[in-house]
Amino acid sequence: MLARSRTESSVISINSTSESGSGGVEGPSTHATPRKLRTFRSDHQLGSPSERPSTPSPSRSRVLDDVSSPPVRPSIVNTNTNVRTYAGKSRSFLVALPQSQAGSLGLASHSAALIEDSGTIHGESQEDDFDMRESYTELRERWGVDASEDDPRPVSPVRASPSPKGKGKKRKGLREEAPVKVLPYGMTNDLKSITELRSKGESRRFLDEVGYLFEGLDANGALGVRRGSALEIVTKLCDIDFARRAKTTDFLGRAWEVLREAGAGDGDKVLDSILAFYAALVARDLADLLDLASKSDFAPTLHRMLAALERTNDPLWLISTNAGSAELKAAGVSKAEVLQLDNLQRLVRKKSGLFEESDMISSRLLVSHALAAISPSAHTLSHLPALLHSLHAELHPLPSRVHAYTSGLSLFPPQGPSSYMDTPSLLHLDNCLRLLDSYLIGSWTIPPEDTSSQPASMDQFRDQENVKALVALCVSCTIIQLDKDLEEYRPVAGKCIETALRVLINLTHDDVPWCEAVLDEELSISAIMHLVVMAQRQRRLLEKRLNADEADEDIDEDASRWLDRMCLALGLLTNLVQAVPDARVAIGDYQLDFACPGKRGCIRGCRCPGRISALQCLAQVYAQHLASASELDVVVRGHMAILLGLLMDRAPGNQRILLDALPGSSDREKLGVLIQHAQDFTMFYVTLTRKMAQAQSYVHDEDLDAEEVEAEAGSGDTLATRVLRDSKGEAVARSVIAFLGRLRDQGG
């Protein structure tokens, strides 16, 4: 009997009937087990919850019947702890087992016998625990382990946790949500957004993969280890795929902080150069650059580095120009650092994609490249001295190089141990001039209390012979455009001359000292007039090629750029004539050939046999624009009409030369055409200025609070007022029109 593997249903039914019917007197049964030891009931006896009787089991105090069966091995089991443990049900590691598993555990012989009246509740509770236990899948869905805010697969609604006291009871405070329809496989979009990638852990895994790089940049680590880790960071950022993954994480900001903590930007030659390269790499994406510049000491650190860099101590510049060991040693570059710096400059040139392989790489170029890409509002007035110092140092060798070129030498010396001293970096110059131009047009963040110190800084810059150097830069870029031996420098020289002219226009705008300083330079009138004539000549040649069915986007772009350069040169000439009366005489006295090729001997003054007055050259340029119906040419000839009127005002000698050179049958007709073109340009100028003022004022007022708008309106210093305040241009144009009208009436 003890060896049976299951409970007979007949015995269970008889025993159950006997207990319930006799009121506590058991029927005949062989080998009955004492009730106090009964703990398990069979599945057939328990049945489903709906089939169980709802009456409570008899009292525990009921007198037990005599036991006539043979004695069995006693089992000391506490009815209150046979399944529960020290912490109650919630902490129990003993779970209720189904009867089907009792045989495999050797408990089949006791399953039907070890049940007492009080055990009914415990048996039901244990069996309910087993029936209602949730699977791991249900628990994951319940707690949203796999949920994501961008997950395309709908999440199952959170269900109420079943109560341990009864099946189907809901926990308080939880609301049952309506079921969500799950789409079949293949009906959802598997594309993942950046947020989804982050939530799935890909960004964290990426940061874990590159964590060793940050560990190597520990400030307490060896200097060689820090340099190697920093170099590996910028090497990996040259990889497009790595850079894309880095953008989806906080790698860029974290890397900048770790590099700064490791000592980059504090004077170490290698680490400082790597930090400059890192900033230039981040500048490839303006969004990343803006984010980094707004969260760190990005701009102040780069400006401080820029102030300390010159040609004599720039490590990457010395490596790129093949400087000798003595020069490297004088700059503080050791032999061990030479190899690392050489690898770095090769990496910048060949793998970064920032510059052409033929460009001369320098640390100051990397710094200025990143600074020029930052929003102008990130710069403050405290950064201006560093910029002016770097610009002055880079412009310094240009006047001597122009003099050497006119003497028969090359514009730039051949590479050698000492060539780094006389070779300027045109790319760095262009970046610095762009920064200065953004400052001059008022784009920097300058507090009102610092406004008074602005003129002092620029006056000091003017007194350091930088005017001569800026004019020499324009001459050098013009030489590069004409010299076939310097053809590789033409793209950067073209950009550099445009930026230099913009800076000169802003410096000389309604500023007599700057205009006088420019006129005092002997190459100024020559450089401006050569540029105007050459630009017009080159543009007409390119237009002829376009009209000859040689349509090419590059040709059209080149023609547009030459037109821009000519307009900038005319603008500078207009500022000089408007501010300094002596400029009329200087221009009238200068002579050049309209077809001058710009040879070495003509740099300081044209020596061609067909020389004519500069006024006649300007009249020819104006006449060539009369036959064009292009909208741009209409603006150019209107501007030139104002310029010619300024040159004739209070200069009788210039009046006769210009009237004789202008096309037309009579002076009255010529003056009438000038007046018409000047009036058209004035109307265009006024309309354009007002539209720009309205647009900028609207954008500016959107960024201000109501109180700030009222404060600016009360002080009469709104952006629209500041833009329209410079009404001198319109006044000058109208005064020129009035003068031409009087001159026409006098001649008529």
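Helix α12 is covered on its buried side by several other helices, including α9 (240–247), α10 (251–261), α11 (269–282), α13 and α17 (363–373). Here, helices (H or I, at least four residues) and strands (E, at least two) are DSSP runs, numbered from the N terminus. This is a predicted model, where local features need pLDDT of at least 70, side-chain atom pairs count only at pLDDT 80 or more, and totals for chains, interfaces and linings use all residues. Residues are numbered from 1 along each chain as its sequence is written, and side-chain values use heavy atoms, with hydrogens and water left out.

**Helix α12**
- The buried residues of α12 (residues 286–295) are D288, L289, L292 and A293; buried means under 20% relative accessible area, exposed over 50%, and partly exposed in between (1.4 Å probe, protein chains only).
- Those residues cover an arc of only 125° around the axis, which puts them on the same side of α12; the arc is that of the directions from the helix axis to the C-beta atoms.
- Over on the face turned away from the buried side, α12 carries the exposed residues L286, A287, L290, S294 and K295.
- A handy bit of background: an α-helix has 3.6 residues a turn, so residues three or four places apart point the same way.

**The whole protein**
- In total you'll find 33 helices and two strands.
- Of the 748 residues, 43% count as buried.
- Take the contacts (heavy atoms within 4.5 Å) with a separation of 6 or more: residues 24 or more positions apart account for 72% of them.

**Two helix pairs**
- Helix α13 (residues 298–308) packs against helix α18 (residues 384–395) at an angle of about 35°, with the axes 8 Å apart; axes are lines fitted to C-alpha atoms, for helices over the stretch in contact, and angles run from 0 to 180 degrees between N-to-C directions.
- The α13 and α18 crossing is left-handed, a label used if the near helix is turned anticlockwise from the far one by less than a right angle (right-handed if clockwise).
- On the α13 side, H303, L306 and A307 make the contact, and on the α18 side it's A386, H389 and S390.
- Sorted by class, the contact of α13 with α18 has three nonpolar, three polar and no charged residues; Ala, Val, Leu, Ile, Met, Phe, Trp, Tyr, Cys and Pro count as nonpolar, Asp, Glu, Lys and Arg as charged, and the others, Gly among them, as polar.
- Helices α23 (residues 512–520) and α25 (residues 553–579) pack at about 110°, their axes 9 Å apart.
- From α23, the contact uses V512, C515, V518 and L519, while α25 brings N575, L576 and A579.
- The contact of α23 with α25 has six nonpolar, one polar and no charged residues.

**Helix α29 and N654**
- N654 sits in helix α29 (residues 652–661) and counts as buried, at 9% relative accessibility.
- Leaving aside neighbours within four places in sequence, N654 is in contact with R584, G588, L615, L647 and M648.
- Buried residues in α29 are N654, Q655, L658 and L659.
- Down the axis of α29, the buried residues fall within an arc of 125°, so they line one face of the helix.

**P376 in its loop**
- P376 lies in the loop between α17 and α18 and counts as partly exposed, at 30% relative accessibility.
- Not counting residues up to four places away in sequence, P376 touches S438, S443, W444 and T445.
- P376 and L435 are 59 residues apart in sequence and 7.8 Å apart in space, C-alpha to C-alpha.
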